[in-house]
Amino acid sequence: MTHPYARELGDFLRARRGRLRPHDVGLEPGGRRKVAGLRREELALLAGLSTDYYQRMEQGREVRPSDDVLDALAGALGLDDEERRHLYILAHAARRPMPARVDRGPERVPDSTRRLLRVIDTPAVVLGRHLDLLDWNPMAQALLGDPEDYPPDRLNMLLLMFDDTLTGERSCPDWERQALEYIGMMRAAVATDPTHPRATAIVGELSIRSAEFRRLWARHDVRESVSGTKTFRVPEVGDLVLHWDTYPLPGNPGPVMLVFTAEPGSADADRLQLLASLHATRTARARKP
């Protein structure tokens, strides 16, 4: 049976090799090539490894590379700091036998985090390691919609992004970039536990259902902590351009808080406050007998 970390390591190496072109590393393309990226033997040569040894690594066979080998591969592949850490996490885990038992208890949001979420005067949510929506504040509900409208097992940022009933979101110019950020966070989570049932279920479902997801997942991009800008199209107040950042919470791997903010004093900040006021008014009316 292939070690799951070794298989994940092999997939990551293959994706990174496919990203490089011969001219990127000073090689002549030569004649007709069956692959767009570097050949295995070319990468092995650059890293100072035998082709057979490198091929076994990509195939996830019983290979336990030393840190020197990992350094050579990271250099040959041109990995950035985040990708290099990901490479080490996978390789170091592949050296160890799989533990008989893995702690996969339910993720819990600490009371202190729940209190913080309620006093933040901007949309914020708490995401679990596999991007499950664990908690949110009223401003997030105003911006993103009521999570209570979805079954609990569908409250996941990746499942929602690739939901065929929400395709209007995909017309936003930053949709693919944000999808890649979330996918990169899922990749980082999978690196810590490749056989976790929740990760397997989410990735399996989306791989079957969405060609877009398969294409983006195959890139093997990884993100530990991400940020960006997103345009929300809200009919009540108009377009909102918000910055979003993720903040790790206690735990390893633990949940993260995802916070959306508007530029202070901007029209976006005014629209966000208007949206919050409208939501508060609707909520108050709904509570009246």
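The structure described here is a predicted model. His196 has a relative accessibility of 11% and therefore counts as buried, since the limit for a buried residue is under 20% relative accessible area. When residues up to four places away in sequence are set aside, His196 touches Arg104, Arg129 and His130.

## Overall organisation

The protein has 289 residues, of which 46% count as buried. Its secondary structure comprises twelve helices and five strands. Taking contacts between residues at least 6 apart in sequence, 58% join residues at least 24 apart.

One pair of residues illustrates such separation along the chain. Thr283 belongs to helix H12 (residues 267–287), and its C-alpha atom is separated by 10.0 Å from that of Ala142, 141 residues apart along the chain. Thr283 has a relative accessible area of 23% and is partly exposed.

## Nonpolar cores

In soluble globular proteins, nonpolar side chains tend to be buried together. The largest nonpolar core of this model contains 45 residues. Within that core, the residues with the most contacts are Leu127, Leu158, Phe162, Tyr182 and Leu240. Helix H9 (residues 175–192) contributes the most to this core, supplying eight residues.

## Helix H2 and its partners

Two packed helices are described by the angle between their axes and the distance between the axes. For helix H2 (residues 40–47) and helix H3 (residues 51–58), the angle is about 115° and the axes are 9 Å apart. H2 and H3 are therefore roughly perpendicular to each other, and the crossing of H2 past H3 is right-handed. On the H2 side, the contact involves Arg40, Glu41, Leu43 and Ala44; these meet Thr51, Tyr54, Gln55 and Glu58 of H3. Classified by residue type, the contact of H2 with H3 holds three nonpolar, two polar and three charged residues.

The buried residues of H2 are Glu42, Leu43, Ala44 and Ala47. These buried residues pack against helix H1 (4–19), H3 and helix H4 (67–77). Just after H2, Gly48 adopts a positive phi of about 75°.

## Packing of H4 and H5

H4 packs with H5 at an angle of about 145°, and their axes are 11 Å apart. The crossing of H4 past H5 is right-handed. H4 provides Asp67, Leu70, Asp71, Ala74 and Gly75 to the contact, while H5 provides Arg84, Leu87, Tyr88, Ala91, His92 and Arg95. The residues in the contact of H4 with H5 comprise five nonpolar, two polar and four charged.

Glu83 also lies in helix H5 (residues 81–95). With a relative accessible area of 7%, Glu83 is buried. Apart from neighbours within four places in sequence, Glu83 is in contact with Phe12, Arg16, Arg19, Gly78 and Val222.

## Loop residues with positive phi

Most residues other than glycine have a negative phi, and most peptide bonds are trans. Leu131 is not a glycine, yet has a positive phi of about 70°. Leu131 is situated in the loop between strand S1 (124–127) and strand S2 (133–136). Its relative accessibility is 0%, and Leu131 therefore counts as buried.

His220 likewise is not a glycine and has a positive phi, of about 60°. His220 occupies the loop between helix H11 (211–217) and strand S3 (227–234). With a relative accessible area of 5%, His220 is buried.

Technical notes:
Residues are numbered from 1 along each chain as its sequence is written. This is a predicted model: local features need pLDDT of at least 70, side-chain atom pairs count only at pLDDT 80 or more; totals for chains, interfaces and linings use all residues. Side-chain values use heavy atoms; hydrogens and water are left out. Axes are lines fitted to C-alpha atoms, for helices over the stretch in contact, and angles run from 0 to 180 degrees between N-to-C directions. Helices (H or I, at least four residues) and strands (E, at least two) are DSSP runs, numbered from the N terminus. Angles under 35 degrees count as roughly parallel, over 145 as roughly antiparallel, 65 to 115 as roughly perpendicular and the rest as oblique. A crossing is left-handed if the near helix is turned anticlockwise from the far one by less than a right angle, and right-handed if clockwise. Contact means heavy atoms within 4.5 Å. Ala, Val, Leu, Ile, Met, Phe, Trp, Tyr, Cys and Pro count as nonpolar, Asp, Glu, Lys and Arg as charged, and the others, Gly among them, as polar. A nonpolar core is a set of buried Ala, Val, Leu, Ile, Met, Phe, Trp, Tyr and Cys residues joined through side-chain atoms within 4.5 Å. Buried means under 20% relative accessible area, exposed over 50%, partly exposed in between (1.4 Å probe, protein chains only).
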